[in-house]
Amino acid sequence: MAKASPTKTPRDQVAEEVASIAERAQAILDEPWYWFPVRHHSAAVAKLLETAIRTRRPRRIFVEGPSDANHLIPFLASRQTRPPVAIYSCFSDDDNSFQLAGIASPSEDIPPRWACWYPFIDYSPELVAIRTAQEIGTEVRFFDLPHYGRLDREVQQLLHESDERGEEDDKSDSNAIDESGSRNWHTEKLIAESDFYQSLAAAGGYKSWDEGWDTLFEFRAFADPEEYRREMLAFCGAARLSCAAQRIAEDGTLDRERFMLNFIRQEIAESGIRDDEVMIVCGGFHAFLNRDDPEPPPTIPSGTRYTTVVPYSTFRIADLSGYGAGNRAPQFYQLHWESLSGNEPHPRNRYVVSVLQEARNMGEPLSAADAISVAQHARMLAALRGRDVPILDDLHDALFTCCCKGDPHEQGARLGRAIDAVNIGNRVGKVMSGVPRLPIVDDFYNQIERLELGRLVAREKRERLELDKRQIADFQTAAFFHRLRFIEIPFCQMEATPQSDFDTGLIFRERWQTKWSPDVEAKLIEKNLLGDSIDAAAVNQMREIIAENHGQSGVICGILVDGTKMDLPHLVDQVVELAVNAIDEDPRFESLCRAVAELSVLDRYAVHQAIKREQIARMLNRAFTRACFAMIDIIAAPDDHFPHIVNGLTTLAEIVVKGDDPVQRQLFAHYVASASRETTVPFLKGALLGLAVEIQIEPQQTITDEILAYARSSQDKMALAGDFVHGVISVSRVSIMGGSSSLVDALDVLVRAAEWDAFIVMLPRLRAAMELLHAHHRDSLATRVAELYGLAEARTLQKLSISVGEAADIVRIDREVAEIMQRWSIIDE
């Protein structure tokens, strides 16, 4: 707002500003073009718009929507298309015109890609305009700038922000554009942030933009569309006047408006229709665009572009999903739309009953009396807040007031989940047949047909397949399934992995479970950015993973395994070279151990794959050797790395046990012994010594001696013995059990030597270690303990007599142990 003149009172200043806003709004109302300001996904506005179209019957309606999707309007207009649906648009900067390859993409040879969705639901004003226009024979045109037309400004802003924060932040922020298609696309945020609305919200007590909208427009009874137009234009005019000009320019709103204005003028000139035969349906903010702006509209960049209409869901339209212009309760406003259309006489009552029913299904003891109380309370709240009818905020407050007897975040958790479920709904849309399908979707169905798998998509039913990869048809099907699984298409999942049984042929067999659902196409559409086919998407996703994990031998060897399963030989050849280099350069023990594990799997598959087994063997030996060299680096690792280190150590041990290479065995033994001497971390020392005992390079007595050493040490050090034992048993169980008598004897000495405080510290670790053992191993240890304490004939005893006080002490100690264990995260792991 403008600053008050010193010669005028604040009241005079406000009066002048109100008059100015009213004058600007009236000027728009007087234009030959008929501007109809809307809010996205507003049922009330959609109904008023429908009335205005039927009354005015314009020859051409311009609707705010991407201008590159005008060929899709007939599919949106068709009654065979059932909302929610969305226009999907994607763009690939193949020529790197924005110079973002390697910044907004994982590497310089991968083009940056962006996608955007434009959702529609039954009561979206834009969709209502399209369908009403079809009924009266009026032509509709989208006239907005496509999302990729704004990328130049967004890229400059992104690079400017990244320069201020540094290169690392640059890469993380650039990916955000990939996810959303564009930033700050909608003008609602500008309105909500304006000085005008902030002052209005403070005066009206609106806690959110949605509450303000519902009070001022959504549930207000307008006499006719013209009254609504005047009010909405005045509202948007005041918001725009009090919004910082720099903010509007940075948002890209001016670029869009220049494009909109130019598009409308060209269309009118080419079609020969009169100005007074035109209706413009757009956000009210844009009605105040500069008609005399001398700046040209932005240039549309070259690149690969796809647009189509796809099924959508009420969840994805809800703002809870992260959709920037989302509707906070799609299903609630659907009831409102049906009420305005005369199909739902009591939408609020139905909403309340639905919420309570959902909560009852979750276990809340609610009744019809609660529903009546909620409805009455909502009406009283609305009256107190100056509203004619309850809005969603009143209903929510009434639900928690009447049905939650305590903290809403605790006792009201289930009620809150029920409200969210009913607010959002679970509707999934459907698009009429014949709509242009994205290439990757076509490729999916073409491959389904080629592989004779049509029965798997004919209905939404779970199917199970067992494939024998020695048969060419099954081999191709398995490769297709692996590609789908790799790019996370929810069509198939593996039930069983091959077994290392060559004689029976089990290694060649895979069991899969498949089920088609609408989610399959939705996910395929998202993956369209990766390529035009399933194969191309898999290859590009692999390339991206490799680029993002440069030098990580474990990840790259995992990609090598995936590539062989997906039957991508050309990519496999490239990845082999990358894996060799990564193994030679990777200094990380955990990563190298993963490489060993992945290459072991690959070596097993090499029997029936076109892979040079000698090369795999050389890579495996190199990774094993490098992992042994890197073992010294784990001696001071933090405890959150323990599970990965244990997995790595056991992986290397399996190579030694199953192989017959004395050099490998000697190398492994040397570095295990060296690391066990160097480490001061009890768990790691236990794991290293336990592993040495397990593969018989150290005698079992080594473990016993170490435990006895703890028993002879100070109480502070003695308290760490539990960590040592936990480390031992995490890697060595069979061999340790072979010397269970000496182990029990040593532990008995330890426990007897420990004072209470040290015992309480070590007890959770000892108990966690015992939990790792199989039941019969624990029974074996228990038998030895019984023998040690003179209960060798325990099986003849029917009852152990103890006092009530002793029993109470046992219960108390057990409870304390359980509480301590809950605080030790490693036990959960």
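The model is predicted, so local features are taken only at pLDDT of at least 70 and side-chain atom pairs only at pLDDT 80 or more, while totals for chains, interfaces and linings use all residues. Residues are numbered from 1 along each chain as its sequence is written, and side-chain values use heavy atoms, with hydrogens and water left out.

Of its 829 residues, 52% are buried, where buried means under 20% relative accessible area, exposed over 50%, and partly exposed in between, with a 1.4 Å probe and protein chains only. Among contacts (heavy atoms within 4.5 Å) between residues at least 6 apart in sequence, 76% join residues at least 24 apart.

An open sheet of four strands has the order S1-S6-S2-S5, and its pairing is parallel. The edges are strand S1 (34-38) and strand S5 (139-144); each has a single partner strand, so one side of each is left without a neighbour in the sheet. Neighbouring strands of this sheet are turned by 30° against each other on average, direction ignored; axes are lines fitted to C-alpha atoms, for helices over the stretch in contact, and angles run from 0 to 180 degrees between N-to-C directions. Strands are taken to pair if DSSP finds at least two bridges between them. S1 and strand S6 (residues 278-283) run parallel and are joined by five bridges, and Phe 36 has Val 281 in S6 as its bridge partner. Helix H2 (residues 43-56) packs on the sheet, where it touches S1, strand S2 (60-66) and S6, and its direction makes about 165° with that of S1.

His 41 is found in the loop between S1 and H2; its phi is near 60°, a positive value in a residue other than glycine. His 41 counts as buried because its relative accessibility is 7%. Arg 57 lies in the loop between H2 and S2 and has a positive phi of about 50°, although it is not a glycine.

A second open sheet is formed by three strands in the order S4-S3-S7, with antiparallel pairing. S4 and S7 are the edge strands, each pairing on one side only, and the twist averages 15° from one strand to the next. Strand S3 (residues 85-92) is mostly covered, with eight of its eight residues buried. Val 85, Ile 87, Ser 89 and Phe 91 point one way from S3, whereas Ala 86, Tyr 88, Cys 90 and Ser 92 point the other way. S3 pairs with strand S4 (residues 113-120) in the antiparallel sense over eight bridges; Ala 86 stands opposite Pro 119 and Phe 91 stands opposite Trp 114. The pairing of S3 with strand S7 (residues 304-311) is also antiparallel, over eight bridges, and here Tyr 88 stands opposite Thr 308. The loop between helix H3 (73-77) and S3 includes Pro 84, and the peptide bond from Pro 83 to Pro 84 is cis, with omega near 5°.

Helix H19 (residues 439-450) has twelve residues, which at 1.5 Å a residue should span 16 Å; its end C-alpha atoms are 16 Å apart, in agreement. The expected span is 1.5 Å times one less than the number of residues. The buried residues of H19 are Ile 440, Val 441, Asp 443, Phe 444, Tyr 445, Gln 447 and Ile 448. They pack against helix H20 (472-486), helix H21 (518-527) and helix H22 (534-548). H19 is followed by Glu 452, whose phi is positive, near 60°.

Two further buried residues lie in other elements. Glu 510, in strand S10 (residues 509-514), is buried with a relative accessible area of 1%. Its side chain makes a polar contact with the side chain of His 482 at 3.1 Å; a polar contact is a pair of N or O atoms within 3.5 Å, and within protein one must be able to donate a hydrogen and the other to accept it, while residues adjacent in sequence count only if both atoms are side-chain atoms. Leu 743, in helix H34 (residues 740-753), is buried with a relative accessible area of 3%. The C-alpha atoms of Leu 743 and Ile 703 are separated by 7.8 Å, and the two residues are 40 residues apart along the chain.

How values were computed. Helix = DSSP H or I, 4+ residues; strand = E, 2+ residues; numbered from the N terminus.
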